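I open a notebook page for a structure that is new to me. These entries keep the order in which I looked things up.

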Amino acid sequence: MLNPHSAERPPAEDGRRRRSTSRHGWSFIEEARKREIIDALCGGTEAPAGPVHVELDLTDRCNVACYFCNQMDLRTKDAMPFHHVERLLAELVAGGLRSVRLSGGGDPLMYPEIVRVLDLFAEHGVVVDNLTTNAARMGPEVQERLVRHGAREVVVSLNAVDRTDYHRMMRVAPRIFDQVLENVRSLVALRGEGPIPAVTVQFLIDRESYRRLGEMYVLGRFLGADRIAVNPVLDIPNDRLAGAPLLRAGDRQQVRPYLLRALEVDRAGLLHLSFPWEEWNEMVDELRRGLSDGVGRPYPTAASFRGDLDHCFFGWYSAAIRGTGEVYPCCMLMHPAYEPLGTVRDGSFGEVWRGEGFRELRAEMREVFLKNGRLETDRPKRLRPQCVEAGRCGLKSMFFRADETFYRSLGDAMDRARRRELGSGKGWPVTRLGAEVFLYRVRWGIRTRWNRSRQRWRKLRNRRLPFLVRGARIHIGLVERSATGVRDGWVLIGPRGCTWADRTLGVGEPIPYRRAEAIHVERVLEVLLPEHARDFLGRLRDALAEGGVVRIAAVNPALVSVEEEAPPSAVALANWSAAELEAELRAAGFGAVEHLESGRSPRPWLQNLEDHPVGEDSPERPATLVVEAALTRAALEGAKGGSTGGGEASPAPARHSRFHQRSTQSGSPLTSEVVSGR
Ligand SMILES: C[S@@+](CC[C@H](N)C(=O)[O-])C[C@H]1O[C@@H](n2cnc3c(N)ncnc32)[C@H](O)[C@@H]1O
Ligand code: SF4
Ligand code: SF4
């Protein structure tokens with residue numbers, strides 16, 4: 001059997017051994033074989049001897065029913081008979097196969113003879129580079145084989161963060177969630193300190209769940225995962241997910257704070273974020289750059305990897321084979337609308353590998369390479385838009401891009417092929433191609449520098465000259481909450497990570513703005529004494545421009561029993577009901593008060609700001625009261641004429657002068673009397 005332990009990486013920052021995760025078996029491929037791939041790709045459409053890596057989907061059956069399953073239209077009762085697996089494997093190994101990925105179709109662990117198959121791979125020296133499974137049937141026998149035979153990585157598609165969400169996403173009894181957690185824990189325990197298999201816990205996020213990214217991270221750590229992968233649920237063909245709460249490219253800004261918080265706490269660099277939208281990946285890169293140490297970059301990239309080499313060469317080195325015997329270029333193109341490249345049900349794999357389907361695929365892939373993402377036709381037969389357009393398919397280079405030698409040789413060979421074939425007047429002058437690549441790089445460079453300087457300027461302006469800033473957005477929070485129920489000190493989820501805001505302030509700090517656009521106040525009022533809460537509302541008013549909006553999220557006293565949960569002093573705090581809060585806001589000079597649900601707002605740029613778990617509440621009795629109020633001239637003038645507030649009379653709402661504001665803030669009673677720790 002091969003020794004798959006060779007690609008060890010240094011220990012992670014928290015001292016844990018960092019396990020090497022799947023690389024499509026790339027580390028098992030000899031340099032000579034990589035050279036063959038390069039020569040074949042740059043030279044023409046001829047096939048090398050055989051694929052070095054295959055995805056084998058042994059069965060189409062599955063034991064759960066995910067609402068989003070991208071295989072649902074392919075679902076049959078088919079499974080590859082064991083003797084077919086034996087025959088196929090012998091042929092593939094003779095052609096140079098080094099590694100497999102077991103995924104689905106359905107779930108690989110639904111294959112009745114999965115244990116025999118794992119033994120068979122080991123006998124042939126083929127490494128299971130990756131097993132992707134829902135893990136509900138990952139019992140002791142399978143776990144033992146995975147560890148003993150040196151499977152490289154097990155990806156557990158957990159997808160959800162608790163039983164309820166598991167039930168929503170996977171549409172099975174919630175108790176299966178517990179079973180999966182148990183199976184993952186016991187696999188991690190069985191592996192012990194051994195280097196493999198690396199365990200990846202994967203979550204899929206949609207509009208219902210992205211706010212729970214922090215909890216997903218915590219659960220992944222709790223299970224002992226070596227990598228925590230987060231991907232969005234993607235649309236699947238045939239409108240099967242119409243009406244589902246899928247995230248779209250335009251939801252980027254809403255998700256941003258949650259991504260940042262997860263990245264911030266990911267000191268060990270376990271988080272793997274990958275999106276099918278270029279702007280999202282750029283945003284993740286930018287967030288990582290903003291974090292001083294830049295930890296957690298999932299896929300290192302070699303210096304010789306160039307944008308014009310970021311194209312797919314799967315046709316020369318890999319194939320995906322379904323339980324029905326049909327062959328596809330990769331798992332991403334395995335759907336009913338895609339005509340398979342051939343079938344191995346009745347014939348040999350070699351016929352398909354050298355057959356017309358693969359030849360057409362290679363011809364199109366080669367053209368994409370040579371012309372750097374441009375095809376003569378807009379309707380290629382074998383490729384799909386994600387195979388041609390930049391940044392749409394992460395799979396095509398993610399596992400190899402760190403390979404310096406490979407990309408250096410590929411770059412040289414491709415440059416020669418381009419000069420040879422395109423520079424000879426065949427319709428694409430090399431000078432034009434060169435100019436395009438050059439311009440692309442210049443544009444990218446300018447954009448990155450521009451974004452960085454803009455960020456620096458915004459930071460500087462907000463720190464040094466806040467009173468001059470028009471339209472700032474401010475977040476005011478209380479303390480960082482540590483995630484409870486899990487080991488202490490791992491995760492802090494708090495206002496620190498609020499990227500929506502230009503400035504994040506603690507409740508006791510001065511608010512050095514005069515013309516802010518919006519202030520988001522989270523879980524603050526209920527820990528202030530009423531007179532301090534009123535003073536605080538006055539300070540919010542003073543910091544806003546006319547037309548500015550304050551959004552307040554506070555504990556609903558109707559749901560939380562103050563007497564039971566808070567110290568005795570807290571009963572005197574400003575635990576205002578919705579009506580009282582509205583009256584206090586009006587008294588402070590705010591008009592147009594609106595009561596809203598957590599995360600919702602008529603102003604799109606104020607949506608999804610609260611990240612408190614929704615818990616046991618309901619729309620009639622929400623755990624969090626959310627109110628938005630605008631600073632209107634009419635309300636201000638009305639308030640000057642007399643307080644409409646409930647409770648004690650509010651101080652006059654006239655604006656403080658800047659100097660007055662400063663002097664009162666420096667000795668603000670809020671600073672010393674905030675009741676923290678709730
Ligand atoms: C089709 S499944 C098959 C293997 C196994 N049954 C499982 O779920 O892990 C392969 C991977 O695709 C992911 N997947 C399925 N449908 C998806 C979708 N619509 N969007 C994003 N990922 C999806 C699954 O979560 C899983 O990680
Ligand atoms: S577990 Fe995998 S194959 Fe089964 S329904 Fe879910 S995504 Fe599809
Ligand atoms: S570009 Fe992506 S989707 Fe297209 S064939 Fe390659 S791996 Fe598959």
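This is a predicted model: local features need pLDDT of at least 70, side-chain atom pairs count only at pLDDT 80 or more; totals for chains, interfaces and linings use all residues.

Entry 1, ligand 1. I sorted the shell around ligand 1 by class and got seven nonpolar, 11 polar and one charged residues. For the classes, Ala, Val, Leu, Ile, Met, Phe, Trp, Tyr, Cys and Pro count as nonpolar, Asp, Glu, Lys and Arg as charged, and the others, Gly among them, as polar. Of the 19 residues around ligand 1, I list N70, G104, D107, S157 and L234 as those that come nearest. Two or more residues of this shell come from each of β3 (127–133), β4 (153–159) and β5 (198–205). A residue is near a molecule if its C-beta atom, placed from the backbone, lies within 6 Å of it. Helices (H or I, at least four residues) and strands (E, at least two) are DSSP runs, numbered from the N terminus.

Residues are numbered from 1 along each chain as its sequence is written, and chains are lettered from A and ligands numbered from 1 in the order in which they are written.

I found C62, V64, A65, C66, C69, Q71, G104, G106, D107, N134 and S157 around ligand 2. By class, this shell holds five nonpolar, five polar and one charged residues.

Around ligand 3 I noted C312, F314, P329, C330, M332, L333, Q386, C387, C393, L395 and K396. At least two residues of this shell come from each of α13 (385–388) and α14 (395–398). I count nine nonpolar, one polar and one charged residues there.

I traced 10 strands in an open sheet with mixed pairing, in the order β7-β6-β5-β4-β3-β2-β1-β8-β9-β10. Two strands pair if DSSP finds at least two bridges between them. Strand β6 (residues 227–232) runs parallel to β7, and three bridges join them. One of the bridge partners I looked up is L273 in β7, which faces V230 in the pairing.

Which residues of helix α5 (residues 163–170) are buried? They are D165, Y166, M169 and M170; buried means 20 or more other C-beta atoms within 10 Å of a residue's own, all placed from the backbone. Seen down the axis of α5, they fall within an arc of 110° (taken from the directions from the helix axis to the C-beta atoms), so they line one face of the helix. These buried residues pack against β4 and α6 (175–191), with contact meaning C-beta atoms, placed from the backbone, within 7 Å. After α5 comes R171, with a positive phi near 55°.

Terms used. A residue is buried if 20 or more other C-beta atoms lie within 10 Å of its own, exposed if 12 or fewer, and partly exposed in between; C-beta atoms are placed from the backbone. Two residues are in contact if their C-beta atoms, placed from the backbone, lie within 7 Å.
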